[in-house]
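Visitor: I have not seen this one before. Can you take me through a few parts of it?
Guide: Go ahead and ask.

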Amino acid sequence: MNELTGATGATRTTGATETTGATTTGATTTAVVLAGYGPVGQAFVDRLARDGDALARRHGVRPRVAAVRASAAQCRPDADGSVPPRSRWVPARPLDETFDRTGARVFVQAVPSSPGLRERAAEEALAALRRGIHVVTATKSHLLTHWRELDAAARAGGSMIRISGATGAALPAGDLSRTSLRGLDCRTIRACPNGTATFVLDRLAEGDTLGDAIRAARLRGIAEADPSADLSGDDAATKVRLLAALAWGWDPAEVRVRAEPVDGTTAGRALAAAARSRRLRAVAGASVAEPGVVRVRLEETEPGDPLHALTGPEKAVVFGCPDAGDVTVSGGRSSPVGAALALVKDTVEVTAARTGFH
């Protein structure tokens with residue numbers, strides 16, 4: 001048993017038609033290397049183990065996690081797809097070696113979007129893309145700084161990079177920006193892509209203090225331990241920067257951000273808006289008329305506005321298309337499970353056959 005086996009008899013993933021015992025399922029088995037084993041990474045592994053049969057039936061592909069890498073250690077899941085306890089993990093091997101040993105076709109990134117991990121996330125994504133391995137990421141930091149380099153590496157390697165988990169978790173806004181708006185002449189993006197900010201603003205409108213609203217968000221698993229990126233507008237601006245990059249080819253590194261935060265002075269504005277049957281929202285916006293600028297403003301929204309209709313931690317993006325009409329996508333759970341499902345969706349998207357209606 002080597003450092004990537006994890007258990008004797010584990011299925012070897014080769015990209016060929018999968019055979020289990022004497023039964024051929026007809027699904028292509030796809031080896032996945034996962035970086036990051038926090039809440040999102042754990043939910044991703046659990047979903048693939050639970051939903052593998054359904055994915056094989058519906059999409060003709062069965063992604064299987066062949067290796068998990070976290071911090072300075074790594075492991076190979078057991079035959080049933082479960083990750084062994086940390087006592088069975090081994091020191092991390094070079095990433096290229098892990099790719100070779102697993103025959104990986106997809107590299108999934110679920111590491112925190114922190115400045116300290118940015119360079120490593122970028123280097124690992126670039127290494128995968130140049131080898132022709134598709135990258136699926138929920139990590140935002142390196143997308144903001146290495147967008148052009150990542151795109152060039154993908155083109156050189158004939159690979160794809162998908163970022164749904166970085167642009168709204170289960171909300172498929174990234175897919176709309178990337179392909180579904182082609183030819184519709186989208187001119188503006190107007191969004192509430194941060195569920196924490198929406199939840200907190202609604203609680204302020206009900207009379208909560210900012211501290212109480214944040215505590216309520218944490219209790220529901222909506223807010224991070226440090227919600228500063230959510231309430232400052234930074235997270236919303238980041239997601240719109242990425243959506244604008246997909247829709248219009250902007251380089252996120254060159255985008256200027258102007259953000260109005262949710263802070264101790266916001267409660268009065270939320271209450272005043274509610275008294276007028278309006279809802280205060282942290283709205284992130286971008287326009288082709290103002291290239292390279294993303295603004296996050298606290299706006300009073302009126303009934304009939306898709307952003308007004310949001311409740312709790314829901315998110316929404318409105319793509320302004322003057323001739324086609326506005327295209328709106330809303331909902332999408334803000335949770336580790338929601339982000340994990342986005343990773344599953346993108347993993348299937350880069351590996352499933354594309355013929356007919358598919």
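Visitor: How many residues line the second largest pocket, and which lie nearest its centre?
Guide: Keep in mind that this is a predicted model. The lining of the second largest pocket has 16 residues, and those nearest the centre are W147, D151, R155, I161 and L246.

Visitor: Which elements give two or more residues to that lining?
Guide: They are α5 (147-157), β8 and α10. Helix α5 has the largest share, with six residues.

Visitor: How much space lies in it?
Guide: The second largest pocket holds about 460 Å³.

Visitor: And what classes of residue are in the lining?
Guide: Nine are nonpolar, five are charged and two are polar.

Visitor: New topic. Is helix α6 mostly covered or mostly uncovered?
Guide: Mostly covered: α6 runs over residues 173-180, and six of its eight residues are buried. The buried ones are A173, G174, D175, L176, S177 and R178.

Visitor: What covers them?
Guide: The covering elements include β8 (161-162) and α10 (234-248), along with β13 (315-320), β14 (327-331) and α12 (336-351). Two of these names, β8 and α10, came up with the pocket lining.

Visitor: What about α3, how far apart are its end C-alpha atoms?
Guide: They are 23 Å apart.

Visitor: Which of its residues are buried?
Guide: In α3 the buried residues are A121, A122, E124, A125, L126, A128 and L129.

Notes
Residues numbered from 1 in each chain as written. Predicted model: local features only at pLDDT ≥ 70, side-chain atom pairs only at ≥ 80, totals over all residues. Heavy atoms only, no water. Buried < 20%, exposed > 50% of the residue type's maximum accessible area, 1.4 Å probe, protein only. Helix = DSSP H or I, 4+ residues; strand = E, 2+ residues; numbered from the N terminus. Contact = heavy atoms within 4.5 Å. Expected span 1.5 Å × (residues − 1). 1 Å grid on protein atoms, 1.4 Å probe; cavity = no way out; pocket = protein on both sides within 12 Å on 5 of 7 lines; lining within 4 Å. Points joined across faces, edges and corners; volume = space filled by probe spheres on them. Nonpolar A, V, L, I, M, F, W, Y, C, P; charged D, E, K, R; others polar.
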